[in-house]
Amino acid sequence: MEQIFEKDQPFNLQIVEGAEGISKFREHWDNLFARAVDAPPYLSRPWASTFVQEGRIRGSPLFILAWSGTKLVALLPLAVRKCLNVKIAEPVGTGQGAYLGLLLDPNYRPVVEHIVNLITSERVFDVYYSEDLSTEDTATNDLLARLATKGYSCRKVLRSPCYWIRLGCSFDEYLKRKIKKSNRRYKLRYEEKKLYKSADVRVVRYIGKDITPEVNHRAATVQLESWMKRRGGAVLWQPFFQKLLANMDEADMGYVWLMTIAGEDAAMVYSFIAHGQLHFYWTAFKLKFESSLSIGQMLIMHVVRDACEQGIQWFDFIHGEAEYKRFWATDRYHVDRVAAGRGLPGRLTAACYFVVWQLARIQFLKSFYRRIRSILRTYKKRP
């Protein structure tokens, strides 16, 4: 189902519902992503459409498109569901750590006002809910600010920090800027040399279409035999993630680094690159190599060096605290959870989200919740 609005205005707006609708504008989506020079890979068609096609969304897919003539200049991919007659929309891809929101051609920023007018006039949703609003996402933050002028009550809660490295320089320049003391830089390089002398250690990089299903399974195996299995984070072996990786690789956005020791896969990094940004998404090393010479740290250093050589400007460690992220990063921003509601039911729903998020930040409640989840997982595994 599709509807067209504002045909006589500077922009033509369109609502497309259903997964099958993507086929009608897939090339336009790709062209828009190429022009949206600040957009993260999670707003690309290969990423978002995988969630839709594989049923990894809550609700029905709905796309708001804005056109300038025959050029697609903005796209908001949503999953919309009803809860007690309240229409709740969340960005496609919610549930998998990312930066989600409005994909916008930066030369057409005024179109945001037209999108907001369409949302309110057609009651596209009563509540906009997101767990992945980056403070660096000017397009989506502008959308929410304009929704607030139309009666939406917007509530935000800090979700997590995001560490990143400002590059655009040689690796030596970055290292001198990041690690001021020369003896610490020397120690880092010495550890790297020591690792490579200790055994037959090799690192191979695979890019885009050169990443075969076999490479993806090798990366998944490393993750499955790492500490991530203990925490339930070893997911790459699952069919959905293998499909997601294959789609991103086909679009030449996937980058894999595999470290082998004596011919056996020991550690891996899986990243996505777009618009001069490297998103350091998954990393793991096999527990059997835990006593080796900091293979995880050494592999990260290798990836950062590669990024410098490729002219990467922005090296993003994405969501979350981790010692290795703080060690390598030069700066940080953060991701918010946000709920914007309109009308009494919508405002109450947004307020409920806000209260739950605030309670979740209380440490003993967070620990209790994790304990309950652990018990339930154990119970489900029993025959």
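How are H6 and H9 oriented to each other? They are roughly perpendicular (angles of 65 to 115 degrees). The legends below describe a predicted model, in which local features need pLDDT of at least 70, side-chain atom pairs count only at pLDDT 80 or more, and totals for chains, interfaces and linings use all residues. Residues are numbered from 1 along each chain as its sequence is written, and side-chain values use heavy atoms, with hydrogens and water left out.

**View 1. Helix H6 crosses helix H9.** The axes of H6 (residues 182-198) and H9 (residues 295-309) come within 10 Å and cross at roughly 110°. Axes are lines fitted to C-alpha atoms over the stretch in contact, with angles from 0 to 180 degrees between N-to-C directions. Helices (H or I, at least four residues) and strands (E, at least two) are DSSP runs, numbered from the N terminus. H6 contributes Leu-188, Arg-189, Glu-191, Glu-192, Leu-195 and Tyr-196 to the contact (heavy atoms within 4.5 Å). H9 contributes Ile-295, Met-298, Met-301, His-302 and Arg-305. Six of the contact residues are nonpolar, one is polar and four are charged.

**View 2. The largest nonpolar core holds 55 residues.** Such a core is a set of buried Ala, Val, Leu, Ile, Met, Phe, Trp, Tyr and Cys residues joined through side-chain atoms within 4.5 Å. Phe-63, Met-268, Tyr-270 and Trp-282 touch the most other members. Helix H8 (residues 239-250) gives the most to this core, with five residues. Apart from it lies another core, of 37 residues, among them Val-201, Ile-295, Phe-315 and Phe-317.

**View 3. Asp-105 pairs with Arg-35 in a salt bridge.** A salt bridge places a side-chain nitrogen of Lys or Arg within 4 Å of a carboxyl oxygen of Asp or Glu. Here the closest N and O atoms are 2.6 Å apart. Asp-105 lies in the loop between strand E6 (103-104) and helix H3 (111-121), and Arg-35 in helix H1 (residues 26-35), so the pair ties together parts 70 residues apart in sequence. Asp-105 is buried, at 2% relative accessible area. Arg-35 is partly exposed, at 24%. Buried means under 20%, exposed over 50% and partly exposed in between (1.4 Å probe, protein chains only).

**View 4. Arg-218 forms a salt bridge with Asp-265.** Their closest N and O atoms are 2.7 Å apart. Arg-218 lies in helix H7 (residues 213-224) and Asp-265 in strand E11 (residues 264-274), so the pair ties together parts 47 residues apart in sequence. Arg-218 is partly exposed, at 22%, whereas Asp-265 is buried, at 12%.

How values were computed
Angles under 35 degrees count as roughly parallel, over 145 as roughly antiparallel, 65 to 115 as roughly perpendicular and the rest as oblique. Ala, Val, Leu, Ile, Met, Phe, Trp, Tyr, Cys and Pro count as nonpolar, Asp, Glu, Lys and Arg as charged, and the others, Gly among them, as polar.
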